[in-house]
Amino acid sequence: MSDILKYGNSFCVLPFIHKHIDLTNKRRVCCISSDGITEERLQGIRQDMLANLPVPECKVCANTELQKTVSSRQKVTAEWFRKRPDIDYDYPPEISYDLRYSNVCNLRCQMCGPVASSTWAKFLNKQDVYQTVEPDVFEVNPEAARIYLAGGEPFMVKSFSTLLNKIENRDCEIIINTNATILTEKMLSALERFTNVCFVLSIDGTGETIERIRTLCSWDIIQKNIDVLQSRLNPTLMVNTVLQRDNIDNIPELVNWIDSRGIAKWDAEILTYPDQYHYSNYTGTINWPNALWSAQCVTKNLQANSALKQIYSNLSDQS
Ligand SMILES: C[S@@+](CC[C@H](N)C(=O)[O-])C[C@H]1O[C@@H](n2cnc3c(N)ncnc32)[C@H](O)[C@@H]1O
Ligand code: SF4
């Protein structure tokens, strides 16, 4: 095992146990690989990995390891080796899913677009507004151990609740990346059977800030929906924030809100696309209080902390 995890090895658990279907309904080895694969190619990738040969579809991890930085391959492989030491990689079970096969969404967030949001596609008068797969075509293993759902908006993808109802393993980890603006009884009931539910809440600000960035959302409704999720499902909550031009001034308030909700895990990533919303286009004067740096969610989440420091340092130099 320690050899497999060394920098430069090619073996990764994901092509063996994981199914990723992206927004264009292409299968890929995982969310950071950009290449679509067929079933035949998947078998080839497995053989190459077992022989420790390089796999072009996994170049992002290979390049990360060339810099002697820990890759997703190393992290996820160590995690599954620990969690499921029983897996036979000659006859691997499909137990992990990452499904984003539908773009049905009720919002039109400024940094998103028609590939992920049908509301964006409609707004732009695209011909093919809805992208999805026939849910009946899609088989899930009733013994699945992890299911990650995104989209589109998972609460609007009807087939997701049908799919969850087929899972017999009640301890399967269910992770849902949601805008928290819309809840459906079908999805809530499907989720109630599971012991380990996590919501990744996409919160890019509080109040008017989120309402400007996440076009068509209501901050009041989002907060009420989070209350419902907590009381009905007792889930783990995480916040995902896209740091961008229009939430710089709101970061201190957002940080207070995350701490006041007792949410421990915060992913805050700097927007890279579309360029016009990059933080470098901020024209104000950054005024973050010293207290920001001692907030729980800032001290406990290294990646968010370093993204904030980068923004603060660059925007302070600019003014
Ligand atoms: C495409 S959304 C789908 C799930 C759901 N509709 C939501 O908003 O949570 C998945 C994640 O991508 C993020 N996202 C959207 N546009 C982005 C961009 N331009 N750069 C980085 N992340 C983005 C969203 O904030 C969200 O957390
Ligand atoms: S809610 Fe999610 S999918 Fe919908 S527009 Fe916003 S980021 Fe895109």
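Student: What does the backbone do just after α2, and at which residue?

Tutor: N52 takes a positive phi there, about 55°. Helices (DSSP H or I, at least four residues) and strands (DSSP E, at least two) are numbered from the N terminus. This is a predicted model, in which local features need pLDDT of at least 70, side-chain atom pairs count only at pLDDT 80 or more, and totals for chains, interfaces and linings use all residues. Residues are numbered from 1 along each chain as its sequence is written, while chains are lettered from A and ligands numbered from 1 in the order in which they are written.

Student: What makes the phi of N52 worth a remark, and where does N52 lie?

Tutor: The phi is positive although N52 is not a glycine. N52 sits in the loop between α2 (39-50) and α3 (59-66).

Student: Is N52 buried or exposed, and how do you know?

Tutor: Count the other C-beta atoms within 10 Å, placed from the backbone: 20 or more is buried, 12 or fewer exposed, and in between partly exposed. N52 has 12 such neighbours, so N52 counts as exposed.

Student: Which value does the phi of K68 take, and is K68 buried or exposed?

Tutor: Phi of K68 is near 60°, again positive in a residue other than glycine. K68 lies in the loop between α3 and α4 (72-83). The count is 8 C-beta neighbours inside 10 Å, so K68 is exposed.

Student: How does the reach of α2 stand against the expected span?

Tutor: The expected span is 1.5 Å times one less than the number of residues. α2 has twelve residues, for which 16 Å is expected; its reach from first C-alpha to last is 17 Å, close to that.

Student: And what is the reach of α12?

Tutor: α12 (302-318) has 17 residues and reaches 24 Å, close to the 24 Å expected.

Student: Which residues of α12 are buried?

Tutor: They are A304, L308 and I311. They cover an arc of only 65° around the axis, taken from the directions to their C-beta atoms, which puts them on the same side of α12. An α-helix has 3.6 residues a turn, so residues three or four places apart point the same way.

Student: What lies on the other side of α12, and what do the buried residues pack against?

Tutor: Exposed on the other side are L302, Q303, S306, K309, S313 and D317. The buried residues pack against β9, α10 (251-260), β10 (265-270) and α11 (296-300). Contact here is C-beta to C-beta, placed from the backbone, within 7 Å.

Student: What makes β2 and β10 edge strands?

Tutor: Two strands pair if DSSP finds at least two bridges between them. The open sheet has eight strands, ordered β2-β1-β3-β5-β6-β7-β9-β10, with mixed pairing. β2 (27-28) and β10 each pair on one side only, and that makes them the edges.

Student: What surrounds ligand 1?

Tutor: A residue belongs to the shell if its C-beta atom, placed from the backbone, lies within 6 Å. For ligand 1 that gives 16 residues, the closest being M111, A116, N179, S202 and N240. β6 (173-178) and β9 (236-243) are the elements that give two or more residues.

Student: What is the peptide bond from G151 to G152, and which omega goes with it?

Tutor: That bond is cis, with omega near 25°. G152 is in the loop between β5 (146-149) and α6 (158-165). Another cis bond joins Y273 and P274, with omega about -5°. P274 lies in the loop between β10 and α11.

Key. Contact = placed C-beta atoms within 7 Å.
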